Amino acid sequence: MSGLPGIFWIVPAAGVITLVFAFFLVMNVMKRSTGTPKMKEIGDIIFKGAWAFLKRQYTTIAIYSIIIAVVIGVLVGILGGTEVEGMSKLDIGWRTGLAFIIGAVCSGLAGFIGMYIAVKSNVRCAAAAQKSLSDAVNVALRGGAVSGFLITALSLIGVTVVFFAYGGYDNPQIAPHLIVGFGFGASFVALFAQLGGGIYTKAADVGADLVGKVESGIPEDDPRNPAVIADLVGDNVGDCAGRGADLFESTAAENIGAMILGIAAYMATNNVAWILFPLVVRGFGMFASMVGLMVVRAKENKSAMGALNRGYFVAIALSVVGLGLTVKLMLDNWWLFGAGLVGIAASIVIIFVTQYYTEWKYKPVRDIAEASKTGPATNIIMGMSVGFSTTFATAMVIGVSLILAYWMGTESGVPGAGAFGTAVATMGMLMTCPYVLSMDTFGPITDNANGINEMAGAGPEVRKITDRLDAVGNTTKALTKGYAMVSAGLAAFLLFQAYIDRVNFLRPDNLMTTVNIGKIEVFVGALLAAMIVYLFSAWAIKAVGKTASKIIQEVRRQFKADPEILNPKDPANPHQPDYAKCVDITTRAGLREMIKPGLLVVLSPIVIGVVFKYLGKIPAFASMEIDAAMVIAAVLMVGTIGGIMMASFMNNGGGAWDNAKKMIEDGQLLDENGKVLGKKSFAHQAAVVGDTLGDPLKDTAGPSLHVLVKLLATITLVMCPLFI
């Protein structure tokens, strides 16, 4: 390399400044009041439960990560069939295994950080709500921002350090191929973190709702419900720790994929800026997100969502400026600036699409609420219809964005820049990732704050504030899922192209230019990929159902064994339910049930690739000329498409079910005589049933499918030498 581009200073500067910024956010949140002694007590119980689960979960993940890292190193080092520029297969193997461990550690650290700060923020948000809406919004958003900014900083710093440690300065065309293990490690941890946390949170939520709301007629987060603490803990281990690890691996894997695609342009132009461009764009995005966060000012009589949106659009506007500056100074090609704008536009469009399908102001959610008047069956039928219909908008946004970005890349005139155009679009979309992740963590913080105020006996005026914030938090969580889903869709093509580039890099004498679905083994690979998506979803949903059943039985047992839990004879000294028992049930089940679906995704592509590779060496099958690398390309393509469409159905359908229930609870549904159908009505009970179906879809299987899509890509990138 002749030297780093002058603008590259933005990368280390962004990493360091973001860490300092996050530190000041921590100080700002932690100095705030924790409220009454009762609120602090409840907050401490939630913290202990979440911390205990995460320690056990990450201990389990750590053991599997070490085993997988060794297996990867051995398989790539022994069975891999390629040597690279003076490096033996063993050299490539140990570097890949080490990168996997580094990625796994960083991803795990991201999850821990996300959960820790969120749990410390929730009780402070509950206390701030006793003062004003504005104070509560500031605490929740800044608490969420600690997670958002630290996670993206860790991702940027991790990829950059490993890239240069693996020879990125002297051999920039080789190093991106050696660091793919970093993305695999991040994806591996993210899948188990998201899956285990999702099983935990939704099992507790479903169990608490069905026995509490439907059977016993008590409010949500009522302290008499034995499952309420497990539910509040679950919000943190699923929505904070899980999503933090998810978006860490998104930014890491997509950075690496974009760098691999930049190699072709680097070889043609001898300009290393093509490989380093994704890192610099991320740096500018972090600065843009910081400014967007600081301009958020909530007003007492205005929607908090409006304040969050203003901050987001400020971050978007500054991202456009940063993107333009980076393209001008590094690539000097305005077609690629256009490709980046396509990605930014896609992030805006999907937010409005998600809002349309998941906010109660709009027709889809109102249709589900109306269907609830005639019972759970019609609620579920309508919710299924809404969920499936969302796939149209998702496919159109991803499809149009990919075509436009690819066309603009092609028009740039740079060799290989068609695919690189899609990479620029993906990086453009991910520029605001710190801000979006802040909004996502805002959701569970406000949800917990609402529960803490309910359990601590806060007055109705305080509950009105936290109810409003909880509703906004539901929307921000839904928006983040839409954002993550479409970013996965854009990244899917970039990672697929990166896989093909890596195959061609490793076997230059037999280039893969197309994936022929007409070949029987390739068709079978595609068929198996679709099966993986459905089977994974089935196992994830089943895990929630099995665990929720145990929670339901436990809550019923406690109510039957001690009727004074529900109906105390002395209201001043009520009998306390055994919260710890429900926490223990969900903890054990979350850890146990995450293993099978997780290993399905990790092992399936490897097994399929190796089986077809050695099947082709059997004399009886020699005439078929089986290409195992092409089979895995089909697995990656179809698994990605199936995973994104299934995630669209689950995320948006589940969000619509949830907000239809909240619409009824808010008194927005009327019968034919104009009478309000609110809590405890027949329609409300039907909506609660629909919501319990949507819960494992939107918070367990759906978000885990985002990770599945990217994990398929990182696995195939890392294990590519096995299939050649």
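## Salt bridges, rings and a nonpolar patch

Aspartate 695 and lysine 698 are both buried; here buried means under 20% relative accessible area, exposed means over 50%, and partly exposed lies in between, with a 1.4 Å probe and protein chains only. This is a predicted model, in which local features need pLDDT of at least 70 and side-chain atom pairs count only at pLDDT 80 or more, while totals for chains, interfaces and linings use all residues. Residues are numbered from 1 along each chain as its sequence is written, and side-chain values use heavy atoms, with hydrogens and water left out.

**Salt bridges**

Aspartate 695 and lysine 698 stand three residues apart in helix α20, so about one helical turn separates them. Helices are DSSP runs of H or I with at least four residues, and strands are runs of E with at least two, numbered from the N terminus. The structure holds 20 salt bridges, each a side-chain nitrogen of Lys or Arg within 4 Å of a carboxyl oxygen of Asp or Glu. Three of them are listed here.

| Salt bridge | N to O distance |
|---|---|
| Aspartate 695 and lysine 698 | 3.6 Å |
| Lysine 698 and aspartate 658 | 3.4 Å |
| Lysine 361 and glutamate 359 | 3.9 Å |

Lysine 698 meets aspartate 658 in a salt bridge. Because lysine 698 lies in helix α20 (residues 682–719) and aspartate 658 in helix α19, this pair ties together parts that are 40 residues apart in sequence. Both lysine 698 and aspartate 658 are buried. They also belong to a network of salt bridges whose members include Lys202, Asp205, Lys661 and Asp691.

**Aromatic rings**

Rings of Phe, Tyr and Trp (its six-membered ring) pair if their centres lie within 6.5 Å; planes under 30 degrees apart count as stacked, over 60 as edge-to-face and the rest as tilted. By this rule there are 21 aromatic pairs. Phenylalanine 47 and tryptophan 51 have ring centres 5.8 Å apart and planes at 15 degrees, so they are stacked. These two residues are four apart in helix α2 (residues 37–79), which puts about one helical turn between them. Phenylalanine 47 is buried at 17% relative accessibility, and tryptophan 51 is partly exposed at 27%.

Tyrosine 64 and phenylalanine 192 are stacked too, at 6.4 Å centre to centre with 20 degrees between the planes. This pair links distant parts of the chain, with tyrosine 64 in helix α2 and phenylalanine 192 in helix α6 (residues 180–215), 128 residues apart. Both residues belong to one aromatic cluster, together with Phe100, Phe184 and Phe188.

Back at phenylalanine 47, the charged end of lysine 120 sits over the ring, 4.4 Å from its centre. A charge sits over a ring if NZ of Lys or CZ of Arg is within 6 Å of the ring centre and within 35 degrees of the ring normal.

**A nonpolar patch**

Which helix gives the most to the nonpolar patch? Helix α12 (residues 376–411) does, with five residues. The patch is formed on the surface by Trp335, Phe392, Met396, Val400, Leu404 and Trp407, with about 600 Å² of accessible area together. Patches are made of residues with over 30% relative accessible area and no salt bridge, joining like charges within 9 Å and nonpolar side chains (Val, Leu, Ile, Met, Phe, Trp, Tyr) within 5 Å. Accessible areas come from the Shrake-Rupley method with a 1.4 Å probe; for residues, only the protein chains shown count as cover. Phenylalanine 392 counts as exposed, at 59% relative accessibility.
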